[in-house]
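Dear colleague,

Please find below the structure I wished to hand over to you. My findings follow directly after it.

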Amino acid sequence: MRLIVTTTDSIEGCRIVEYIDVLRSSVVVGNDIALGDLFGGNRNYNNRLNDIYEKAMQGLRLKASIAGADAVVGLHTDFEEIFGKGKTRMVVSMVGTAVKLDCQPKCLPEDKKNASVSMDTLHRQYLLVSMRKKLDNSDYSLNEDDWGNILKYSLTDLAPLLYNRYLVVSTQTISNIPLSERKLLQDNFIPFIQSMDFDEAVDVVYSDLETAPECSSVIIRDCNLFAPSKIVGMLEAEHKHIIISLLKSDKPIYTAEDLAGMERIVEFLDNLPDTGYYIEGRGGVFSKTGTLLVCERGHKSAVELGGHCTELLEGSGAVCNLNVKGITEAEVAAIASFKEKVEVLRAILNRGL
Ligand SMILES: [Zn+2]
């Protein structure tokens, strides 16, 4: 039976017996659309839009069928233009609710005998299944053709598996992933994530910030995936370094809800617990008696109140640099500029009200 997709909330003659999930499908058309095409003059533009629409629809149908749905109701489609870095991108997003139906047979638009599937849908589905198998096998190396397919068919369902590989590659200097595959991952993973719908990409990247925090925060920064709601969910002192590392990242559009989340993050940062303490004593043989900072690593250094530990780290020769809250000067600066950003955002959003 062909999956029913409709903008209405119900289907004539059928009863919705289960709401499975809200599904989203987006297609990003990148750098190949010139500004001139967008503002008239190109007859192909409408055709292109139709193609993109069809592709998004295919994606939605595929997700719905994977979810075991009989229909998608309440379909909503958005066309959006994103400008940035000198490029114009066109995003078509579809959102709908996948449901299971209990229907009178006559209501079904097509009999099972007449079920049909487009060549592209079949091919995409085939690729998804075979790529999943390949990715489940840690000995398999993704090659250029694989990546070509992943990008061409927007196989975003593979994003969690690819993210996992990316993190493995980034954290292990020696791993069973060969150099050629590492290079392909490094070249293709970020553009792949950038091509995804914001919420989908956020779910993937924030699902694991602990394996390789630096790597994840670079992805979040490069792909503008700053997600206050996700960060608010992890406001614990033990996560402070990763949280601070995310403060420099951005998101395409800021809402009042984001601002509220960012204010909570500021409040959290203002109330970080002390990890070190101060004592009165002598910092060194020649220093006067005064305040000493005992940092969380146990170093003692003579600093001003609020100062940073000046002791050298064993082995690396770098300066410890932690203050009484256990954060470095760079982190203090990052927090300060985040606070400024929150204030500017607050001013803009309040003015708009
Ligand atoms: Zn120290």
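In this predicted model, helix H11 covers residues 256-270, and at 1.5 Å a residue its 15 residues should span 21 Å.

H11 has a buried side made up of Gly 261, Met 262, Ile 265 and Leu 269. Viewed down the axis of H11, these buried residues fall within an arc of 100°, so they line one face of the helix. On the face of H11 turned away from the buried side are the exposed residues Glu 257, Glu 267 and Asp 270.

The axes of H4 (residues 144-152) and H6 (residues 179-194) come within 11 Å and cross at roughly 0°. Because angles under 35 degrees count as roughly parallel, H4 and H6 are described as roughly parallel to each other. From H4, the residues Glu 144, Trp 147, Ile 150 and Leu 151 meet Leu 184, Asn 188 and Phe 192 of H6. By type, the residues of this contact comprise 5 nonpolar, 1 polar and 1 charged.

As to the chain overall, there are 12 helices and 7 strands. Of its 353 residues, 25% are buried. Among contacts in the chain with a separation of 6 or more, 70% are between residues 24 or more positions apart.

With kind regards

Conventions:
Residues are numbered from 1 along each chain as its sequence is written. This is a predicted model: local features need pLDDT of at least 70, side-chain atom pairs count only at pLDDT 80 or more; totals for chains, interfaces and linings use all residues. Axes are lines fitted to C-alpha atoms, for helices over the stretch in contact, and angles run from 0 to 180 degrees between N-to-C directions. Helices (H or I, at least four residues) and strands (E, at least two) are DSSP runs, numbered from the N terminus. Angles under 35 degrees count as roughly parallel, over 145 as roughly antiparallel, 65 to 115 as roughly perpendicular and the rest as oblique. Two residues are in contact if their C-beta atoms, placed from the backbone, lie within 7 Å. Ala, Val, Leu, Ile, Met, Phe, Trp, Tyr, Cys and Pro count as nonpolar, Asp, Glu, Lys and Arg as charged, and the others, Gly among them, as polar. A residue is buried if 20 or more other C-beta atoms lie within 10 Å of its own, exposed if 12 or fewer, and partly exposed in between; C-beta atoms are placed from the backbone. The expected span of a helix is 1.5 Å times one less than its number of residues. The arc is that of the directions from the helix axis to the C-beta atoms.
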